[in-house]
Amino acid sequence: MLLSHDYNSRRSSIASTQSRNIRVTVLKNMFKKIALTRSALKKAIVVVSVCALASFLLLLYWNDSSESTKPSSTMAMGIYNTHIVDGSLDGGPMSAGDSVRDSAIPVNPIERLWTYRCVNNRCVRHHFVDGVEEDFDTNNAHQQPQQHGGQAPAGAGSANTGSSSSPGKRIPYLTCTMTCGPINIWPQPTGATTIGSKTSRFRLSDMHVKIVTKFEPVDKLLHDAYDVLRAEVRAAMVTHGATLEEIEGAVPAASVPAGVQQLPRAEERSLATEVNDAATVGRSAGGSETSGVGKIHFFKLVSDKRYDVDAFEVNVHVEKSGDTHLTLHTDESYNMTVTHSARVLIVKITANTFFGAKHGLTTLQQLIWFDDEERTLKVLNKASIEDVPKFNYRGLMLDTSRHYFTVDAIKRTIIGMSHSKLNRFHWHITDSQSFPFVSRHYPQLARYGAYSEREVYTTDDVRELTAFAKVRGIQIIPEIDAPAHAGNGWDWGPKHGLGELSLCINQQPWSNYCGEPPCGQLNPKNNNTYLILQKLYEELLEIVGPLDYFHIGGDEVNLECWQQHFNDSDMRTLWCDFMLQAYHRLQLASGQNATAPRLVGVWSSGLTSAPCLSKNTFAVQVWGGSKWPENFQLINSGYSLVISHVDAWYLDCGFGSWRSTGDGACSPYRNWQTVYKHRPWEEMKLTTLQMRQILGGEACMWTEQVDESILDARLWPRASALAERLWTDPTEERYSESVPLEVYNRMSVFRNHLLELGLRAEPIFPKYCAQNQDECV
């Protein structure tokens, strides 16, 4: 019993101890769980708080409120007024923070005070207040008349006329002038052309392209060119204050009005993808990116009475040539038709080459505009155009040595050239003032010759500009001027054991040794000079080539400079030897497997007509006066000519002398009418056979008094006047001193087109004259 009791007591004690231990363990575990739960709860609260804060911040950032406008940078198109405004530009009061007046003024402010009517093929301005047009001729006020013929029924194929509108609607000047009077295309087409006055309203998202060609490089370039067209149309809408919804022809999904037909969901998804892509990254031909508006939009396409088409098809056919490199014999012709039937607008462009097709797209773009009253894109919906340029060489030269110009500034210049149908950008890269090109083989040239580390052009810059120009139908022709105009940048030879590469560098008095300071002229008896030129040619041809025309300079050689070093030589023979050696080095630089330039351009001078230069190899860029004897001498000697007469096509003239001594200026100012009316082949009375020697012409912009801040205004629209002379070569009365009225009107419209593209083109007359057609001229 004692044992049993002890055992039972012990068992009871053990059980009690075990029970107590279990209870303790359970309690410990419970408290641990409570502690873990509290910790997790604290973490959860922190996470939820962070998420809520992040959501709130994102909500603020992506808020689609119309009270805040965000800038949209479109530098690839060169647009300066790049605000996509979420609302109309009614010109409401400026906020307290808007201290800069012009920041609120768009490139093309809406003229709400005026409406226009087509009267006898000209647009007549009338006062317009609160939907009422005031007719000052009859001293009456009346509403705008109903559209001519009424609104076309859906699918009827015809749409609005631009010169009449529904009651209470204003007709903008651009809509009137595009549908009233002569054809508004610059340069004017050369072949049979008919364009109707009816318009179709469309969405940008309705446009689609179909490229038909068996040449893959052409297909790629044409797709890139079409992408550029769409991007520029979108940017032009932005300059008119279009909202993102107006640009895409859609409305926010939550605000589709009841009863309005929505398009199928597949098309809705396609648009949503396109719009959201456009809101973040815009694609340009060169692969550069443009930031969007910084907002997320969800759209539903709507089919309502604002639009006349459901599809805008652009068909481009190139079947003859796969060449993507411009030559002096490239066929740049194109034919284009525009038709509208059953709510489908069809554009057909046919050409033999990429370049012709690109010009067709450029013409199409000029038939499209944004109506700032109806807030839609419009296009002339019936057209037949046959077009081919008169001259194959239509150039513009820019000097980047006397002042440096950024890559973006050069791109803007190329954009203006493309829309004017100029096709050769003559890049005068270097001169005696500076050497901004960074050579891989001889970086010392830029190290000793550039204005600063940032004011240089690398090979990547040249490559980027070449690609940018190519998709716009433009060839870049680089020039390293030699033997004259070669000073700063060439003075490092003795330090590197290469001898004197250039002579007379910065020598005074400068008037004895060069045409303008600073002086510098390459050493014709140093073989290292030719070796450096060969390597420079090699680098440039590798990037911009192949070329069938290359420019090596050759102008304003000062024989006094050489004579003080080589008085035992005949200076003219020395110049001939230099030019022939430079040409030989160009041939070597082209390589055995590459095509060497067929023609080499040189500037005209007193030495140009020397018999050493073969007329089959050298072409002469004539820069002297149009009545100088050299014009006839060179023609009679059989040379091919690029004409750049100083008295008509030098765009830097007319701003006074930039130095106190010497003839540092040419005058007077060459206005666009002077540029336009200059027709040297007519003045020279050239025969049909002699006309074959005229390759074309080129406007020159020397930059002693021009930098990036004023480049656009100095070039445009005067360079566009040259473009029509070289593309169309219109004939006028020989002794007429005036330009025809219709040319003034077309130039005014085209100048506004350049503004939409981001070019700061100078005005051609007061704005009153633009609003009141034919009254000033």
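A disulfide is a pair of cysteine sulfur atoms within 2.5 Å. The model described here is predicted, and the structure holds 7 disulfides. One of them links Cys514 and Cys519, and with -65 degrees about the S-S bond this link is left-handed. The protein has 777 residues, and 53% of them count as buried. Its secondary structure comes to 21 helices and 29 strands.

**Overall picture**

- The accessible surface of the protein is about 34,300 Å², and carbon and sulfur atoms account for 53% of that surface.
- Of the contacts between residues at least 6 apart in sequence, 74% join residues at least 24 apart.

**Disulfides**

- The sulfur atoms of Cys514 and Cys519 lie 2.0 Å apart.
- Cys514 has a relative accessibility of 13% and counts as buried; Cys519, at 1%, is buried as well.
- Another disulfide joins Cys504 to Cys561, with an S to S distance of 1.9 Å. The torsion about the S-S bond of this pair is about 110 degrees, so the disulfide is right-handed.
- Cys504 sits in the loop between strand E23 (502-503) and strand E24 (521-522), while Cys561 belongs to helix H11 (residues 559-563), so the pair ties together parts that are 57 residues apart in sequence.
- Cys504 is buried at a relative accessible area of 7%, and Cys561 is buried at 0%.
- A further disulfide is formed by Cys769 and Cys776, whose sulfur atoms are 2.0 Å apart. The link is left-handed, with -85 degrees about the S-S bond.
- Cys769 has a relative accessible area of 9% and is buried, whereas Cys776, at 39%, counts as partly exposed. The cut-off used here is that buried means under 20% relative accessible area.
- Cys700 is in no disulfide; the nearest cysteine sulfur belongs to Cys653 and is 9.7 Å away. Cys700 counts as buried, at 0% relative accessibility.

**The six-stranded sheet**

- An open sheet is formed by 6 strands in the order E6-E19-E15-E16-E14-E8, and the pairing is mixed. Strands of a sheet pair through backbone hydrogen bonds, either parallel or antiparallel.
- Strand E6 (193-195) and strand E8 (207-212) stand at the edges, each with a single partner strand, so one side of each has no neighbour in the sheet.
- On average, neighbouring strands of this sheet are turned by 15 degrees against each other, direction ignored.
- E6 and strand E19 (residues 383-387) run antiparallel and are joined by 3 bridges. Within this pairing, Thr194 has Ser384 in E19 as its bridge partner.
- Helix H3 (residues 216-239) lies across E8 and strand E14 (311-318), and the helix runs at about 160 degrees to E8.

- In strand E7 (residues 198-202), 4 of the 5 residues are buried, so the strand is largely enclosed by the rest of the structure.
- E7 pairs with strand E18 (residues 376-380) in the antiparallel sense, over 4 bridges. Arg201 stands opposite Lys378 in E18.
- Lys378 also takes part in a polar contact of 3.0 Å between its side chain and that of Asp371.
- Asp371 is found in strand E17 (residues 368-371). Asp371 counts as buried, because its relative accessibility is 1% and the limit for buried is under 20%.
- Leaving out residues up to four places away in sequence, Asp371 touches Pro172, Thr175, Thr376 and Lys378.

**Arg122**

- Arg122 lies in strand E2 (residues 122-129). With a relative accessible area of 24%, Arg122 is partly exposed.
- Apart from neighbours within four places in sequence, Arg122 is in contact with Arg117, Cys180, Gln773, Asp774 and Glu775.
- Arg122 and Cys176 are 54 residues apart along the chain, and their C-alpha atoms are separated by 8.6 Å.

Terms used: Residues numbered from 1 in each chain as written. Predicted model: local features only at pLDDT ≥ 70, side-chain atom pairs only at ≥ 80, totals over all residues. Heavy atoms only, no water. Helix = DSSP H or I, 4+ residues; strand = E, 2+ residues; numbered from the N terminus. Buried < 20%, exposed > 50% of the residue type's maximum accessible area, 1.4 Å probe, protein only. Polar contact = N/O pair within 3.5 Å; in protein donor to acceptor, adjacent residues only side chain to side chain. Contact = heavy atoms within 4.5 Å. Areas by Shrake-Rupley, 256 points an atom, 1.4 Å probe, with all protein chains shown as cover. Pairing = 2+ DSSP bridges. Axes fitted to C-alpha atoms, helices over the stretch in contact; angles between N-to-C directions.
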